[in-house]
Each structure stands twice: as C-alpha cells, then as structure tokens.
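Welcome! Let's walk through this structure together, one spot at a time.

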Amino acid sequence: AEGVRRRSEDGGGGRPRGTSLDDGVHLVVFVHGFQGNQFDLRMLKNHLADRFPLSEMLLSAANEKDTYADMQTLGSNLAVEVDAYIGRMVLPLARLSFIGHSLGGVIARACLAHPVMQRYHSKLFTYCS
C-alpha cells in the first residue's frame with residue numbers, strides 16, 4: 001500500500017542477517033517442550049539454517065531424559081548445555097537467541113535467569129515462545 005514502509009529484511013546493512021561473520025556468530029537455541037526431544041524442532045531449525053547459513057543452531061538435548069524435573073533444574077541443565085556449546089565455538093558469539101516450544105519457552109526463561117548465563121545477557125537477540 002502507498003505510504004506504508006516495510007522494514008528491510010537486511011536491517012539496513014545491505015546484506016541479509018546471518019550472511020557475514022564480521023561481528024561473530026549468531027547462535028539460535030531450540031528448546032523442546034514437555035516429554036520432547038531435540039528433534040521436535042528440527043524442521044524449523046532446517047528452515048532457519050537455510051535462511052541464515054552462517055548462524056549456529058543448537059537443538060537442545062539437555063532435558064530429554066527428564067522433563068518432569070523442577071523448572072530450576074531444567075533451566076540449569078539448559079544453561080550448562082548452552083555455555084558448553086558456546087565454549088566449543090570457534091568464532092566469537094555475537095548474538096544469542098532462544099526458540100522454545102510450549103514448556104521449552106519457560107525452560108529458556110529459567111535458563112536465562114541462571115548465573116552462568118549472566119555473561120551472555122548483552123548478546124541476547126531474540127526470545128520466541
């Protein structure tokens with residue numbers, strides 16, 4: 001429609017996001033829901049990996065064995081998994097995003113409250129539940 005401006009997909013920088021490693025890597029963490037496993041969100045991960053080929057994608061497996069645990073434990077498990085993954089990354093972390101399905105969204109929030117995640121708060125980019 002005339003007079004309606006759409007925000008550019010590239011954020012105004014000339015290149016689509018996720019196509020340059022100049023600032024580091026964007027890590028997207030996928031968190032499954034109750035009684036789920038790391039493959040529950042694989043189709044979404046594959047779609048985003050095609051769109052953002054230079055981003056890292058982590059399908060969380062930290063809570064597959066016991067989604068009945070208390071929220072603090074589930075968040076702690078995810079925080080430890082994310083921190084370990086970031087520690088193994090070759091390039092520096094530029095952005096950190098979380099995509100959670102159902103209970104996975106709540107687990108991601110509990111993860112962000114964990115002390116080990118404090119150092120990454122300045123890198124947070126997207127939270128989607």
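**A serine and its surroundings**

Let's begin with Ser 97, which is part of strand E3, the stretch covering residues 93-100. Keep in mind as you look around that this is a predicted model. Is Ser 97 buried or exposed? Its relative accessible area is 3%, so it counts as buried, since the cut-off for that word is under 20%.

Which residues does Ser 97 touch, leaving aside those up to four places away in sequence? They are His 26, Leu 27, Val 28, Val 29, Phe 125 and Thr 126. The side chain of His 26 makes a polar contact of 2.6 Å with the side chain of Ser 97. With Thr 126, the backbone nitrogen is involved: it lies 3.2 Å from a polar atom of the Ser 97 side chain.

Phe 125, also touched by Ser 97, has a charge over its ring: the charged end of Arg 95 sits there, 4.9 Å from the ring centre.

Now let's turn to aromatic rings. The structure contains one aromatic pair. In it, the ring centres of Phe 34 and Tyr 68 are 5.0 Å apart and the planes meet at 80 degrees, so the arrangement is edge-to-face. The two partners are 34 residues apart and link distant parts of the chain. Phe 34 belongs to the loop between strand E1 (25-31) and helix H1 (42-51), while Tyr 68 belongs to the loop between strand E2 (56-59) and helix H2 (71-88).

How values were computed. Residues are numbered from 1 along each chain as its sequence is written. This is a predicted model: local features need pLDDT of at least 70, side-chain atom pairs count only at pLDDT 80 or more; totals for chains, interfaces and linings use all residues. Side-chain values use heavy atoms; hydrogens and water are left out. Rings of Phe, Tyr and Trp (its six-membered ring) pair if their centres lie within 6.5 Å; planes under 30 degrees apart count as stacked, over 60 as edge-to-face and the rest as tilted. Helices (H or I, at least four residues) and strands (E, at least two) are DSSP runs, numbered from the N terminus. A charge sits over a ring if NZ of Lys or CZ of Arg is within 6 Å of the ring centre and within 35 degrees of the ring normal. Buried means under 20% relative accessible area, exposed over 50%, partly exposed in between (1.4 Å probe, protein chains only). A polar contact is a pair of N or O atoms within 3.5 Å; within protein, one must be able to donate a hydrogen and the other to accept it, and residues adjacent in sequence count only if both atoms are side-chain atoms. Contact means heavy atoms within 4.5 Å.
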